[in-house]
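Here's a quick tour of one spot in a protein model. Have a look at the sequence and structure first, then read on.

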Amino acid sequence: QLQLVESGGGLVQPGGSLRLSCAASGFTLDYYAIGWFRQAPGKEREGVSCISSSHGWANYADSVKGRFTISRDNAKKTVYLQMNSLKPEDTAVYYCASTPAAVCVLGVPPPSIMNSWGQGTQVTVSS
């Protein structure tokens, strides 16, 4: 059974860093694109970053470009999101999601086309 589990969230001061992990099980990660999404209270879920299944092409939302870096380790079946220079507006529940589709090449896809989701991890940026 395909499963995604996020970890690494927490409370951090503005300007700080966190690294989120998305551990996959039940499927071969190599063949799937993985996206990171977030949802703040009262707001819609939005795409943050995405990494393709082949070549590891990555894309980012404008709001996080230059601050966040997505990477994948297929041998460990894990996708990471390194978040630096965090801002209060980055506060949200962060989710990873997978799809076998050839996405992420042109940009971060909408949440609606992702197939499987993790349970989310809370990130709070506050002093």
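Keep in mind that the model is predicted.

So is Arg38 buried or exposed? Arg38 counts as buried because its relative accessibility is 7%, and the cut-off for buried is under 20%.

Two of the residues around Arg38 also meet its side chain through polar contacts, and here they are side by side.

| Side chain | Partner side chain | Distance |
|---|---|---|
| Arg38 | Glu46 | 2.7 Å |
| Arg38 | Ser63 | 3.5 Å |

Now for the strand around it. Arg38 is found in strand E4, which covers residues 33-39 and is mostly covered itself, with 6 of its 7 residues buried.

Which strands does E4 pair with? One is E9 (residues 92-99), joined to E4 in the antiparallel sense over 7 bridges. Within that pairing, Ala33 stands opposite Thr99. Another is E5 (residues 46-51), which also runs antiparallel to E4, this time over 5 bridges. There, Gly35 has Cys50 as its bridge partner.

E4 and E5 also make a hairpin, with 6 residues between the two strands. Look for Gly42 in the turn: its phi is positive, at about 80°.

Methods:
Residues are numbered from 1 along each chain as its sequence is written. This is a predicted model: local features need pLDDT of at least 70, side-chain atom pairs count only at pLDDT 80 or more; totals for chains, interfaces and linings use all residues. Side-chain values use heavy atoms; hydrogens and water are left out. Buried means under 20% relative accessible area, exposed over 50%, partly exposed in between (1.4 Å probe, protein chains only). Helices (H or I, at least four residues) and strands (E, at least two) are DSSP runs, numbered from the N terminus. Two strands pair if DSSP finds at least two bridges between them. A polar contact is a pair of N or O atoms within 3.5 Å; within protein, one must be able to donate a hydrogen and the other to accept it, and residues adjacent in sequence count only if both atoms are side-chain atoms.
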